[in-house]
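Please keep the sequence and the model in view while reading.

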Amino acid sequence: MAFLPFYISGRKQLKVVIIGGGYAGIAALTSLVRYMPDIEITLVDPRRHHIKITHLHETFRYPLSDVLVPFSVLEQRFGCQHICAAPAFDEATLQQWHDAKCVIFDDHAIPFDYLLIASGAPGAGAGHAEGILELNDFTRTAGSELLSGYLAGEGAVNAPISIIGGGATGIQYLFEIAHFLQRHKFENKLRLIDSGERVLKQFPGRFASYTQACMADLDIDYFPGMLFRGQRDNTIMLKAKDSGDECALPSGLSILFVGKKQDNQLAANAFGQVIINQRSLPYIFVAGDCSHYQAFGSNAMTAQSAVRKGKLVARNILRHSGLLKILEPYLHHDIGYVVSLGPADAVGWLALENNVVTGIAAHVIKEIVEAQYDLLLTGIDTYLI
């Protein structure tokens with residue numbers, strides 16, 4: 001058993017319920033098991049697999065199974081129990097669960113010493129419609145299968161494909177699709193529709209200049225400052241953000257990557273404990289995209305922040321259960337971020353935001369960071385904190 005500073009066990013075994021099996025939930029689970037091997041953990045998630053979402057765009061090159069980790073494997077590896085469900089809750093429900101020390105939904109009543117909410121944030125999509133794909137579609141079917149299925153359809157030959165959203169996710173899929181079309185010698189025109197005036201607007205300007213130069217090399221059309229208004233009858237409807245002018249372009253398929261909703265995030269104190277009615281619930285913690293910490297650390301909706309929050313709340317759950325009850329505040333700041341630009345290219349920053357890295361060097365950094373999380377899934381923790 002690993003040593004955890006400021007933790008002196010106050011009981012032999014804890015019962016912890018984790019709602020959500022994404023990056024934050026799994027980081028918390030592995031950390032809890034690391035410091036308390038005999039802990040009793042119940043993981044509640046509606047899927048059968050944990051999805052390594054930062055690899056999902058690579059399913060244009062690799063099988064979807066490569067980015068899925070069955071919860072049954074994690075059950076055996078870490079001694080936890082998985083319940084396939086998506087319990088609905090609001091602040092009133094959380095207060096009731098806290099007071100009862102029991103998660104109650106459907107036919108389940110799961111007693112706990114501590115509860116962790118790590119259910120993520122929903123995508124801000126447009127719902128299912130003909131000729132439209134969203135990120136969630138790629139969690140069920142590999143990108144290569146989805147696109148091949150579309151390109152085999154009637155009227156798809158040479159029909160333009162529109163990617164909506166110039167953030168990190170949209171850019172990563174844009175380049176994977178461009179290379180997929182090249183490899184298979186499809187002649188469909190590819191375009192990017194973006195509401196911003198440059199791609200990757202949350203990053204330094206050099207991200208945009210490098211990425212847009214690579215887009216030009218691949219003959220990808222770019223439409224900045226445009227809002228998506230729908231896809232119908234092989235036509236995409238757009239509206240200029242500034243002038244309000246509307247236009248329509250031929251488009252056989254629109255793929256939406258428009259970010260995550262920040263509504264209904266749970267507020268938490270600096271230690272990760274949920275705040276309801278201006279009071280902290282000492283036995284309910286929150287981590288990941290569904291959380292907003294009142295702390296100096298990063299609240300970015302990234303896998304990096306989700307993992308750090310998950311690991312932090314795991315340590316704080318154990319410390320709160322111990323004799324000292326000295327909790328650790330959330331102070332993590334991202335130490336880098338890399339955006340993939342296809343199979344062998346990337347752009348990112350490391351240590352300082354102005355320290356921009358491109359090409360193979362950035363691609364290697366991304367592979368190293370993601371390998372670190374892959375090791376965590378096997379029970380090997382190489383994170384410094």
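Which residues make a nonpolar surface patch of about 490 Å²? In this predicted model, the patch is made by Phe6, Ile8, Leu323, Leu324 and Ile326. One of these residues, isoleucine 8, is found in the segment that precedes strand 1 (15–19). Isoleucine 8 counts as partly exposed because its relative accessibility is 42%.

Strand 22 (residues 346–350) is joined to strand 23 by four bridges, and the two run antiparallel. Within this pairing, glycine 348 has valine 357 of strand 23 as its bridge partner.

A parallel arrangement is found elsewhere: strand 10 and strand 11 (residues 190–193) pair in the parallel sense over four bridges. Here the bridge partner of isoleucine 163 is leucine 192, in strand 11. In which directions do the side chains of strand 10 (residues 161–164) point? Ile161 and Ile163 point one way, while Ser162 and Ile164 point the other way, and all are buried.

**Salt bridges**

Side chains of opposite charge can pair when their charged atoms come close. The model has ten salt bridges.

| Arginine 61 | Glutamate 176 | 2.7 Å |

Why does the pair of arginine 61 and glutamate 176 tie together parts that are 115 residues apart in sequence? Arginine 61 lies in the loop between strand 3 (49–51) and strand 4 (68–70), whereas glutamate 176 lies in helix 6 (residues 168–183), so the pair links those two parts. Arginine 61 is partly exposed, because its relative accessible area is 26%. Glutamate 176, in contrast, counts as buried because its relative accessibility is 0%.

Lysine 366 and glutamate 370 both belong to helix 9 (residues 359–377), where they are four residues apart, about one turn of the helix. Are these two residues buried or exposed? Lysine 366 is buried, and glutamate 370 is buried as well. A further group, Arg34, Lys311 and Asp381, is joined into one network by salt bridges that share partners.

**Cysteines**

A disulfide is a covalent bond between the sulfur atoms of two cysteines. How many disulfides does the model contain? The count comes to zero. For cysteine 80, which is in no disulfide, the nearest cysteine sulfur is that of cysteine 84, at 14 Å. Such a pair would have to lie within 2.5 Å to count as a disulfide. Cysteine 80 counts as buried because its relative accessibility is 10%. Cysteine 214 has a relative accessibility of 11% and therefore also counts as buried.

Definitions and conventions. Residues are numbered from 1 along each chain as its sequence is written. This is a predicted model: local features need pLDDT of at least 70, side-chain atom pairs count only at pLDDT 80 or more; totals for chains, interfaces and linings use all residues. Side-chain values use heavy atoms; hydrogens and water are left out. Patches are made of residues with over 30% relative accessible area and no salt bridge: like charges are joined within 9 Å, nonpolar side chains (Val, Leu, Ile, Met, Phe, Trp, Tyr) within 5 Å. Accessible areas come from the Shrake-Rupley method with a 1.4 Å probe; for residues, only the protein chains shown count as cover. A salt bridge is a side-chain nitrogen of Lys or Arg within 4 Å of a carboxyl oxygen of Asp or Glu. Buried means under 20% relative accessible area, exposed over 50%, partly exposed in between (1.4 Å probe, protein chains only). Two strands pair if DSSP finds at least two bridges between them.
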